[in-house]
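Please look over this structure with the notes below in hand.

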Amino acid sequence: MFFKPPLARCAKILNRLMAKAISTLDWCIVRLGEDHNWWVAETSDPVRWDVDGLSIVDPRQLAHLIELVDPLRDYGFDQDLFEAAFIRFRIDKDLGLGKIRLKRIKESLFDSEEKLFVLADVLDEENGPYADLLDHLTRCRVKLLNDLFAFEAKLSVDEVEDEIREEQNSHFIQGKAVHTFEELTSILDYMPAGYDTDEEAPAKGVEDEEDADLPDLDEAEEEKLKNDESLKWDEDDEGADKEDKVDGDKKKADGDDEDDEDDDDQDKDDDSDDDEDEDEKPKKKTKSKR
């Protein structure tokens with residue numbers, strides 16, 4: 001009769017085997033494909049690692065992925081999960097003909113100054129660290145999108161996973177292997193149809209730019225400033241200036257009317273003087289008839 005160990009023990013044994021498998025992966029040889037992506041051609045552990053369709057992320061792609069996950073930090077992104085999902089390599093030797101030999105290292109992805117290649121830990125495709133990372137990134141991305149956009153119905157993780165899986169299945173049907181970088185960016189760049197995160201924000205006016213330098217005030221401080229009499233001098237002076245201008249215009253108008261009246265009176269005086277002159281002229285004497 002065979003002894004059947006409990007499931008928990010089986011899981012521990014499996015984990016040890018997986019850890020050993022990872023530890024024996026000391027080096028790998030990668031080749032540059034026609035799609036300009038890097039693919040694994042040979043490993044130090046050919047028993048557990050099947051190189052058929054096994055992709056690896058190059059330094060340029062890794063830098064882009066690190067940039068893409070940065071906005072997710074506000075939505076629960078776990079850097080340790082990202083670190084655990086990859087096996088790190090550095091360039092050991094250029095073999096020529098588009099092939100490079102890589103040597104495994106244990107440096108952090110986010111702190112290393114070397115140009116790293118990273119291999120996704122896909123020994124357990126369903127429950128391994130890379131599978132956990134894909135699920136984690138999807139949840140973070142969904143949270144970010146629901147926060148950025150007012151969807152009629154909130155976006156769900158299942159919707160995103162179904163849409164991405166459908167696209168990947170179409171690649172498999174066509175006999176195309178999905179590269180790790182493409183699999184990750186399909187999540188990190190995911191956008192539902194009809195939406196775009198690159199839409200330009202409305203341009204700021206001059207007043208907006210000036211207000212941007214001012215500190216934010218809470219409601220209590222704002223109300224206090226409204227009732228502060230010492231801050232109303234601008235409005236009072238402005239009102240006084242307006243009143244002075246109106247009075248000045250009015251006086252000017254009145255002065256113009258007085259000048260017009262003086263001119264009219266002068267004309268009348270001139271007319272009366274002419275009449276008096278005519279009266280003062282001696283009249284001709286007429287001869288009386290006898």
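1. Val-30 has Val-40 in S2 as its bridge partner. The strands concerned are S1 (residues 27-32) and S2 (residues 38-43), antiparallel and joined by 5 bridges. Strands here are DSSP runs of E with at least two residues, helices are runs of H or I with at least four, and both are numbered from the N terminus. Two strands pair if DSSP finds at least two bridges between them.

2. A word on the basis. This is a predicted model: local features need pLDDT of at least 70, side-chain atom pairs count only at pLDDT 80 or more, and totals for chains, interfaces and linings use all residues. Residues are numbered from 1 along each chain as its sequence is written, and side-chain values use heavy atoms, with hydrogens and water left out.

3. The S1 and S2 hairpin has 5 residues between the strands. His-36 sits in that loop. Its phi is near 65°, a positive value in a residue other than glycine. His-36 counts as exposed because its relative accessibility is 60%. The cut-offs are under 20% relative accessible area for buried, over 50% for exposed, and partly exposed in between (1.4 Å probe, protein chains only).

4. Leu-97 also deserves a check. Its phi is positive, about 55°, although Leu-97 is not a glycine. Leu-97 lies in the loop between S4 and strand S5 (99-105). At 89% relative accessibility, Leu-97 counts as exposed.

5. Trp-38 stands opposite Ile-56 in S3.

6. Phe-86 is opposite Ala-120 in S6. Arg-88 is opposite Val-118 in S6.

7. Leu-184 belongs to helix H6. With 1% relative accessibility, Leu-184 counts as buried. Leaving out residues up to four places away in sequence, Leu-184 touches Leu-65, Phe-86, Tyr-130, Leu-133, Leu-134 and Leu-137. A contact here means heavy atoms within 4.5 Å. Leu-184 and Leu-65 are 119 residues apart in sequence, yet 7.9 Å apart in space, C-alpha to C-alpha.

8. The largest pocket has a volume of about 1000 Å³. Of its 31 lining residues, Val-122, Glu-125, Tyr-130, Leu-134 and Glu-183 are the closest to the centre. Helix H4 (129-148), helix H5 (157-173) and helix H6 (180-188) are the elements that give two or more residues to this lining. H5 provides the largest share, 7 residues. By class, the lining has 14 nonpolar, 6 polar and 11 charged residues. A pocket is an open set of points on a 1 Å grid over the protein atoms alone, where a 1.4 Å probe fits, with protein on both sides within 12 Å along at least five of seven lines; lining residues have an atom within 4 Å of a point.

9. The second largest pocket holds about 170 Å³ of space. Its lining includes Glu-163, Glu-167, His-171, Glu-182 and Tyr-190. H5 and H6 are the elements that give two or more residues to it. H5 gives the most, with 5 residues. The lining divides into 3 nonpolar, 3 polar and 4 charged residues.

10. Totals for the chain come last. The protein chain has 9 helices and 6 strands. Buried residues make up 27% of its 290 residues. Among contacts with a separation of 6 or more, 63% are between residues 24 or more positions apart.

Notes: Grid points are joined across faces, edges and corners, and a volume is the space filled by probe spheres set on the points. Ala, Val, Leu, Ile, Met, Phe, Trp, Tyr, Cys and Pro count as nonpolar, Asp, Glu, Lys and Arg as charged, and the others, Gly among them, as polar.
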